Amino acid sequence: MQVSPDLITLLASENPPLFSSLDADNTPVSYTHNDRVGPGDILQVSIYEVGSALFSLSGASMMASTTSSGGASTMPSTSTGSNLPPLSVDASGNIRVPYAGEIHVAGMTTIEVAEAIKARLKQQSLSPQVLVRIAADIANSVMVYGGVRRPSRVALTPNRERILDVIALAGGASQSHQPDEDYLVRLTRNGKIAELPLKTIENTPAQNILMQPGDRVQLTFKPRSYTVFGASGHVSQTQFTMPTLTMAEAIARNGGPQDSRADPNAVYLFRFENADIVRRLGMPIDDKATTAPVVYQLDMMNPASYFLADKFMMRDQDLIYIANSASNKFYKFFGLITTILSPGTSMGGLAR
């Protein structure tokens with residue numbers, strides 16, 4: 001495929017798999033604001049009672065003295081507050097509260113949990129008041145791991161954190177001196193996986209999607225590199241070390257085509273393109289294939305090609321091949337014969 005302005009425009013329009021495709025609203029409504037109780041959460045419950053308190057030692061003593069005196073006692077007017085031991089929400093979404101029994105709380109807010117406990121205690125306590133808070137929020141959390149400074153479980157709040165927020169809360173990229181383009185973010189949600197460069201998420205607000213409970217975010221440091229071989233000044237695999245790199249810059253880094261060996265009409269770039277681009281190029285591809293190999297050719301004898309090479313963007317794992325000129329075939333053959341013959345054979349003798 002010959003490199004042309006239309007081809008460069010087509011490649012620039014390619015859209016990678018997006019996180020927004022995973023952002024379908026398939027989560028129960030009760031969890032959309034990250035303030036609901038769920039299995040695994042730890043609840044801290046405080047109960048305030050007037051008069052004889054169920055949950056305090058003084059209340060128990062008062063009840064005992066009332067019983068021993070035949071029920072003649074003056075009820076105190078002050079309120080008594082008690083903190084229950086932390087309550088764990090079991091796999092079924094239930095908690096067990098003394099004097100209230102088992103209560104199903106999954107999907108409730110802390111205010112609704114408090115009201116449910118209060119309703120159970122009204123028959124046994126005088127004007128009970130209940131406060132509930134989530135001490136350990138497991139249900140409304142995401143896992144952030146990989147190349148972050150503090151891999152951890154990040155609790156979501158009613159503020160509704162986005163993917164860049166939870167990465168920042170986990171300490172951010174562990175190697176901050178590296179370009180963000182060298183970091184890959186993998187999001188796993190409901191059994192589906194999508195990957196995007198960190199820089200793409202930063203530059204595209206639509207991809208900085210809201211986190212949902214149960215999401216898993218992996219940040220991977222993956223340095224981009226390309227390979228140049230053939231009739232170039234330096235054959236090697238080279239890292240980008242910068243946010244973007246053009247084909248012209250990549251060739252120049254490796255010394256460019258060698259004048260005595262290279263065929264400037266035949267500079268090739270090998271790449272696996274996404275199936276959508278291959279079809280738009282009019283090339284055959286299997287219906288089930290997701291990628292296909294494509295070879296691009298650049299004619300450096302055409303002055304306009306230098307401008308095209310400066311617009312053609314390199315990608316990770318690209319391979320550039322600079323073909324040898326036709327005249328170089330004799331020198332390769334001559335070098336092969338020289339290697340086979342005795343090292344003592346002189347060039348002049350070989351020529352005769």
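Me: Which residues does I320 touch?
Reply: I320 touches T227, V228, F229, M247, A250, I251, V267, Y268, L269 and M314, leaving out residues up to four places away in sequence. Touching, or contact, means heavy atoms within 4.5 Å. One heads-up: this is a predicted model, where local features need pLDDT of at least 70, side-chain atom pairs count only at pLDDT 80 or more, and totals for chains, interfaces and linings use all residues. Residues are numbered from 1 along each chain as its sequence is written, and side-chain values use heavy atoms, with hydrogens and water left out.

Me: OK. How many residues does the largest nonpolar core have?
Reply: The largest nonpolar core has 32 residues, and M247, Y296, M314 and I320 are those with the most contacts inside it. A nonpolar core is a set of buried Ala, Val, Leu, Ile, Met, Phe, Trp, Tyr and Cys residues joined through side-chain atoms within 4.5 Å. Buried means under 20% relative accessible area, exposed is over 50%, and partly exposed is in between (1.4 Å probe, protein chains only).

Me: Which elements give two or more residues to this core?
Reply: Those are α1, β12 (225-230), α6 (247-253), β14, α7, β15, α8 and β16. Helices (H or I, at least four residues) and strands (E, at least two) are DSSP runs, numbered from the N terminus. Another core, of 23 residues, lies apart from that one, and L22, I201, V217 and L219 are among its members.

Me: Let's do α1. Which of its residues are buried?
Reply: Helix α1 covers residues 5-12, and L7, I8, L10 and L11 are buried there. They sit on the same side of α1 because they cover an arc of only 160 degrees around the axis. That arc is taken from the directions from the helix axis to the C-beta atoms. On the other side of α1, P5, D6, T9 and A12 are exposed.

Me: And what covers the buried residues of α1?
Reply: The cover includes β14 (262-274), α7 (275-280), β15 (291-298) and α8 (304-309).

Me: New topic: what's the strand order in the sheet with β14?
Reply: The order is β13-β12-β16-β14-β15, an open sheet of 5 strands with mixed pairing. Two strands pair if DSSP finds at least two bridges between them. β13 (236-239) and β15 stand at the edges with a single partner strand each, so one side of each has no neighbour in the sheet.

Me: How do β14 and β16 run, parallel or antiparallel?
Reply: They run antiparallel, and 5 bridges join β14 to β16 (residues 318-324). Y268 stands opposite Y321 in β16.

Me: Which strand forms a hairpin with β7?
Reply: β8 does, with 5 residues between them. β7 (residues 141-146) and β8 pair in the antiparallel sense over 4 bridges, and M143 has R153 in β8 as its bridge partner. β7 is also joined by 4 bridges to β11 (residues 216-221), and those two run parallel. There, G146 stands opposite L219 in β11.

Me: Last one: which residues of α3 are buried?
Reply: V113, A114, A116, I117, K118 and L121 are the buried ones. What covers them includes β1 (42-50), β4 (94-97), β5 (101-104) and β6 (129-136).
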